[in-house]
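Please read the following report alongside the sequence and the coordinates.

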Amino acid sequence: HLERFGAQHEGSHSTRWRGSREMVGGAMMSDSDLTYKVVKGVAAVALGAAAFWSCGFLWDRGLERYAGTGRKGSQWVRKNLKYKPGSTTEYLSKVLKKHSDNRKKRRPRRVYMDGCFDMMHYGHANALRQAKACGDYLIVGVVSDEEILKNKGPPVFSEEERITMVEAVKWVDEVIRGVPYEVSEEFMTQTLFKKHKIDYIIHGDDPCLLPDGRDAYELAKKAGRYWEIKRTEGVSSTDIVGRMLLCYHHFSPLTQRRKVKTKSMENIEHDFSLGGSDDDLSEDEAEQPVTPRSNTRLSNFMPTSRRLIQFANDCKADKDSKVVYIDGAFDMFHPGHAKILKQAKALGDYLIVGLHDDDVISRSRGRHYPIMSLHERSLSVLACRYVDEIIIGAPQQITKELLTVFNISIVAHGTVYESEVAEDHYALAVEDGIFVEIQSESKLSTGEIVKRILSNKDNFEAKFARKSKTEAAYYEKKKFVVEQ
């Protein structure tokens with residue numbers, strides 16, 4: 001061997017390979033043997049990594065199960081593993097508790113929902129409730145006036161008024177103003193994902209199309225960050241505008257309104273029963289045939305106990321709480337309502353809102369009021385973050401029984417009265433020295449909103465006709481969607 005090695009070294013003056021063989025551990029190994037060894041080693045490493053990941057995954061799932069709020073991990077260890085201080089079970093119990101605490105400290109899921117929120121109603125509020133249920137922190141974008149005008153037509157409320165309404169909804173954590181109607185690439189990536197750390201973009205199952213027919217949320221869907229919720233049936237801004245267009249008759253002379261009545265308004269009047277009393281009609285009006293009255297209005301809203309529970313607050317007034325009571329119609333819930341309720345809540349600890357019956361409002365305001373039914377108004381008020389409780393069908397007068405049953409300390413009302421108030425309505429509260437008149441920050445009223453629409457009636461009529469066709473097509477293709 002020495003002679004052979006010497007001959008090889010002498011002939012080449014260097015170590016080099018001969019053929020395709022290698023000296024390994026004193027033996028020669030071919031390329032195929034080397035390849036086999038390498039593949040075997042890589043496979044062993046891969047299997048080891050997979051086993052390590054699987055063990056970690058199973059361990060994490062086990063901790064999630066036994067350290068979660070449902071099973072109380074550390075208590076489960078104490079009971080099932082015979083916990084003993086100073087033993088391994090004590091250490092495991094501490095690990096489980098630490099893991100459970102860390103889970104609670106994880107970054108909350110941030111969700112985003114945008115909209116015009118014009119003529120805001122309980123359907124909008126329910127959409128925001130569902131959006132909040134999809135995450136932990138809800139950010140709402142309010143579309144600017146310019147964007148609404150360009151994509152949908154003139155809004156009824158200004159941007160500031162719409163922001164006031166959205167901020168008053170109890171499920172909203174933050175509001176972004178002046179957002180675009182279309183979720184563009186730049187807005188989605190730079191503003192939503194990077195700046196506001198949004199995890200998901202939320203919208204209802206009804207289509208939201210741009211003027212050119214494109215889906216406004218197309219990019220969000222492609223990015224896999226889109227979450228669809230169920231639209232609230234029975235109400236829409238288009239529907240409410242239609243109800244208000246009917247009120248045109250209430251503000252116009254009889255002869256004039258017979259001439260200007262449009263086809264769409266005829267359809268509305270067919271479904272929208274006239275409420276109230278004939279006492280307010282003139283002699284000419286009384287002689288004209290009218291639609292038979294009933295309790296049915298244009299709304300298709302079907303109230304359920306579950307919906308009321310979803311909107312209700314789980315809080316009670318303590319014995320020593322300063323309870324504030326304010327009553328009214330709160331028809332077509334608007335920024336003026338939100339502001340007066342905020343002021344009323346500041347007077348005490350617990351705010352109760354009394355909502356009057358539809359018939360009471362019809363007698364005092366006119367035969368086409370209220371625009372929203374009692375149950376619809378109840379949900380709109382319950383969605384307000386300043387309200388703790390409501391009384392559905394509140395008494396027309398402040399009574400001793402009312403004050404005693406609800407332990408009311410203050411009876412409040414704003415300086416804006418949308419209808420005539422009976423002289424004895426607040427008499428008892430005034431006599432007891434608990435009546436407070438709040439200086440209203442807003443002069444807005446339901447009648448003023450109706451006048452805004454009537455002043456631009458032609459544009460709203462055209463918009464109503466377009467949206468009616470879209471909504472009819474939506475309901476025709478509508479399928480069941482599980483609500484959040």
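## Basis and overall make-up

This is a predicted model, in which local features need pLDDT of at least 70 and side-chain atom pairs count only at pLDDT 80 or more, while totals for chains, interfaces and linings use all residues. Residues are numbered from 1 along each chain as its sequence is written, and side-chain values use heavy atoms, with hydrogens and water left out.

The secondary structure of the protein comprises 22 helices and 12 strands, where helices (H or I, at least four residues) and strands (E, at least two) are DSSP runs numbered from the N terminus. Of the 484 residues in the protein, 44% are buried; buried means under 20% relative accessible area, exposed over 50%, and partly exposed in between, with a 1.4 Å probe and protein chains only. Among contacts in the protein with a separation of 6 or more, 76% join residues 24 or more positions apart, contact meaning heavy atoms within 4.5 Å.

## Helix H5

Helix H5 (residues 122–133) has 12 residues and spans 16 Å from its first C-alpha to its last, close to the 16 Å expected at 1.5 Å a residue, the expected span being 1.5 Å times one less than the number of residues. Because 10 of its 12 residues are buried, H5 is largely enclosed by the rest of the structure. Among these buried residues are Tyr122, His124, Asn126, Arg129 and Gln130.

## The crossing of H7 and H16

The axes of helix H7 (residues 159–167) and helix H16 (residues 335–345) come within 9 Å and cross at roughly 50°; axes are lines fitted to C-alpha atoms, for helices over the stretch in contact, and angles run from 0 to 180 degrees between N-to-C directions. H7 and H16 are therefore oblique to each other, given that angles under 35 degrees count as roughly parallel, over 145 as roughly antiparallel, 65 to 115 as roughly perpendicular and the rest as oblique. Glu161, Thr164 and Met165 of H7 make the contact with Pro335, Ala338 and Lys339 of H16.

Phe187 lies in helix H8 (residues 185–195) and counts as buried, with 9% relative accessibility. Leaving aside neighbours within four places in sequence, Phe187 is in contact with Tyr112, Val179, Pro180 and Leu192.

Pro211, found in the loop between strand E6 (200–204) and helix H9 (218–222), is exposed, with a relative accessible area of 62%. Leaving aside neighbours within four places in sequence, Pro211 is in contact with Lys150 and Asn151. Pro211 and Asn151 are 60 residues apart in sequence, yet 6.1 Å apart in space, C-alpha to C-alpha.
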